[in-house]
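Hi there,

Here is the structure I promised to pass on to you. Have a look at it first, and then read my notes below.

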Amino acid sequence: MSTSLWTYEPYLVPVEPASRVTLGEGHTPLVRSKRIGPELGLGNLYFKLENLNPTGSYKDRFAAAFSGIMRQKGQRLCIATSSGNTGAALAAYCAAAGIRCVLVIVDGAPLPKVRQMQLYGAETISVRGFGKDSKVTSDVFWELSRISKRLDAPLPVSAYAFCSEGMQGVQTIMYELIDELGPVHVFSPAGGGGLTLAMAYGAQLYGRGGATGLPPKVHCVQPEGNDTIASALRSGLDTGTAIPRSTTSVSGLQVPNLLDADEVVRQCRILGGNGHVVTDTEVFDMQKRLAQQEGIFSEPAGAVALAGLARAAASGEVGRDEKVVCLVTGSGFKDMSSVERYFELPEMPVVETEDMEDIIGSNG
Ligand SMILES: Cc1ncc(COP(=O)(O)O)c(C=O)c1O
């Protein structure tokens, strides 16, 4: 099968073939859980490995869809905000398209994500308090909207509120899921909510062709330190809840402002999905279990959906035989500092050749 978004051409903003930029994004593996699913009492749990996209996250689908549009319009400059993954994706696709890329990065973004952007040639700036404090965050968005208009440059922030053309690329995750599995439940991690909304819109647009004949239920999972959507959805509110400060340490999900939140609440409810709130500790625990029980190297944000599913399974909201997909949204390589900080991994002994047998033998 061709590995690009353009398999779903009728569902994307049209871009002439000569302007498309593809790096082999999309068509990511869907693997069946070997150990965690059975432990949670689920017989049909799958992981969608978005960490295996070219720059290590699902944001490549966004960048692939939007970079072609920029190229077709002859844009020379792209300005964007990022917690890390959108920036890395845009930096790579802009590099391939020959477009200058300037990225405004959230305060405290993991260094490997920033270095990845810089190696692709992007210019990076970090603004103090951006992504943590809601006032600073909305000031940054407002100011960048003004600058991008003045310079006639696009501002592809990965949310429908800013860039619905790029988000249509993200919807292809759901098309692939429906084509391959026709899942009953899809669990998605949320910061600003764009990804979850892409799943919900994708399910509604494409869902009736699925195996069950019904679109999947899309669930929104958030860490409790950035609960702008999940509790609102769960408790029957009509809109999201802005928070003054994001306190989660999960990189990528620190978005205290309401970007796509209200629409996520509305669309997930239409589909019959729910909101699930998890602690950072549950997320890190699931990150470790993904690695040690499934062989999947995820960044913390990529383990959030599974942490939410564990809660839903425990409370009986998901049935044993239902098909469930958790989105693993980004690679563990993106955030090695959290691996150092949150897991007690052993020191590696340095030994002589003749000492090896004793050590290996004693562990066997
Ligand atoms: C790895 C990862 N997962 C999930 C998300 C959540 O996306 P959204 O802000 O669209 O809810 C992000 C956003 O940056 C991310 O980087």
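At what angle do helix H7 (residues 172-180) and helix H8 (residues 194-206) pack, and how many Å apart are their axes? Please keep in mind that this is a predicted model. In it, the angle between H7 and H8 is about 50°, and their axes lie 8 Å apart. Angles from 65 to 115 degrees would count as roughly perpendicular and those under 35 as roughly parallel, so H7 is oblique to H8. Their crossing is right-handed. On the H7 side, the contact is formed by Ile173, Met174, Tyr175 and Ile178, while H8 brings Met199, Gly202, Ala203 and Tyr206. Sorted by class, this contact of H7 with H8 holds 7 nonpolar residues, 1 polar residue and no charged ones.

There is another helix pair to look at. Helix H11 (residues 280-294) and helix H12 (residues 304-314) have axes that come within 8 Å and cross at roughly 105°. That makes H11 roughly perpendicular to H12. Glu282, Val283, Met286 and Leu290 of H11 meet Val304, Leu306, Ala307 and Ala310 of H12. By class, the contact of H11 with H12 has 7 nonpolar residues, no polar ones and 1 charged residue.

Now for the whole chain. It is divided into domain 1 (5-57 + 166-342) and domain 2 (59-165). The centres of domain 1 and domain 2, taken over C-alpha atoms, are 21 Å apart. Where the domains meet, 47 residues of domain 1 are in contact with 42 residues of domain 2. Which helices each supply at least two residues of the side of domain 1 that touches domain 2? They are helix H6 (160-170), H7, H8 and helix H13 (336-342). H6 gives the most to this side, with 5 residues. By class, the side of domain 1 that touches domain 2 has 19 nonpolar, 20 polar and 8 charged residues.

Finally, the ligand. It is surrounded by 20 residues, and the closest are Gly191, Gly194, Gly252, Thr329 and Gly330. The shell around the ligand draws at least three residues from each of domain 1 and domain 2. The classes in the shell are 6 nonpolar, 13 polar and 1 charged.

Enjoy exploring, and write back with any questions!

Best wishes

Methods. Residues are numbered from 1 along each chain as its sequence is written. This is a predicted model: local features need pLDDT of at least 70, side-chain atom pairs count only at pLDDT 80 or more; totals for chains, interfaces and linings use all residues. Axes are lines fitted to C-alpha atoms, for helices over the stretch in contact, and angles run from 0 to 180 degrees between N-to-C directions. Helices (H or I, at least four residues) and strands (E, at least two) are DSSP runs, numbered from the N terminus. Angles under 35 degrees count as roughly parallel, over 145 as roughly antiparallel, 65 to 115 as roughly perpendicular and the rest as oblique. A crossing is left-handed if the near helix is turned anticlockwise from the far one by less than a right angle, and right-handed if clockwise. Two residues are in contact if their C-beta atoms, placed from the backbone, lie within 7 Å. Ala, Val, Leu, Ile, Met, Phe, Trp, Tyr, Cys and Pro count as nonpolar, Asp, Glu, Lys and Arg as charged, and the others, Gly among them, as polar. Domain bounds come from an automatic or database domain assignment. A residue is near a molecule or strand if its C-beta atom, placed from the backbone, lies within 6 Å of it.
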